[in-house]
Structure formats: C-alpha cells, structure tokens
Amino acid sequence: MTFVEFEAYVSDIEEPVMEFMLMADDLAKFSGLLDSVSRALATDDASPTLLALTGS
C-alpha cells in the first residue's frame, strides 16, 4: 500500500470513526446516569433522589 492509498483509506474511515467515538461517549454518559439511578433506588431516600434526577 502506497502512502497515497493509505491516506485515502484514512480519509474514508475518519468520519465513521469519529461518529463511533461520539456515540461511545454518549453511551458512557447514559451508563453513568443509569448507575446514578440504580444507586438512588438502593437507598432509603430513593424518592427525593429520583425526583431530583428527573426534575419532577
């Protein structure tokens, strides 16, 4: 593979890789939210905590 071919290959995959990385970041944030809700449900004061998380 020449440098020009390699550069074209990297150019072709750059956008999908960036989209995947952003999606993975969003998934990590959602996972953190689920962990917070799970911990809140495990506590005695789950109702106020869940109300705060949901903005109710």
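How many helices and strands does the chain have? The model, which is predicted, has 2 helices and 0 strands. The chain holds 56 residues, and buried residues make up 4% of them. Its accessible surface comes to about 4900 Å². Carbon and sulfur atoms account for 65% of that area.

Start with helix α1, which covers residues 3–41. How far apart are its end C-alpha atoms? They are 55 Å apart. The 39 residues of α1, at 1.5 Å a residue, should span 57 Å, so the two values agree. The helix does bend, by about 35° at E14. A proline, P16, follows within four residues of that position.

Next, the nonpolar surface. A patch of about 1300 Å² is made by M1, F3, V4, F6, Y9, V10, I13, V17, M18, F20, M21 and M23. Take Y9 as one of these residues. Y9 lies in helix α1.

Now the charged side chains. Side chains of opposite charge can pair when their charged atoms come close. The count here comes to 1 salt bridge. Which side chains meet in a salt bridge? Those of K29 and D25 do, at 3.4 Å from N to O. An α-helix has 3.6 residues a turn, so residues three or four places apart point the same way.

The two partners fall into separate accessibility classes. K29 counts as exposed, because its relative accessibility is 55%. D25 has a relative accessible area of 37%, so D25 is partly exposed.

Technical notes. Residues numbered from 1 in each chain as written. Predicted model: local features only at pLDDT ≥ 70, side-chain atom pairs only at ≥ 80, totals over all residues. Heavy atoms only, no water. Patch = residues over 30% accessible without salt bridge, like charges linked within 9 Å, V, L, I, M, F, W, Y side chains within 5 Å. Areas by Shrake-Rupley, 256 points an atom, 1.4 Å probe, with all protein chains shown as cover. Salt bridge = Lys/Arg side-chain N within 4 Å of Asp/Glu carboxyl O. Buried < 20%, exposed > 50% of the residue type's maximum accessible area, 1.4 Å probe, protein only. Expected span 1.5 Å × (residues − 1). Bend = angle between axes of the 7 residues up to and from the residue.
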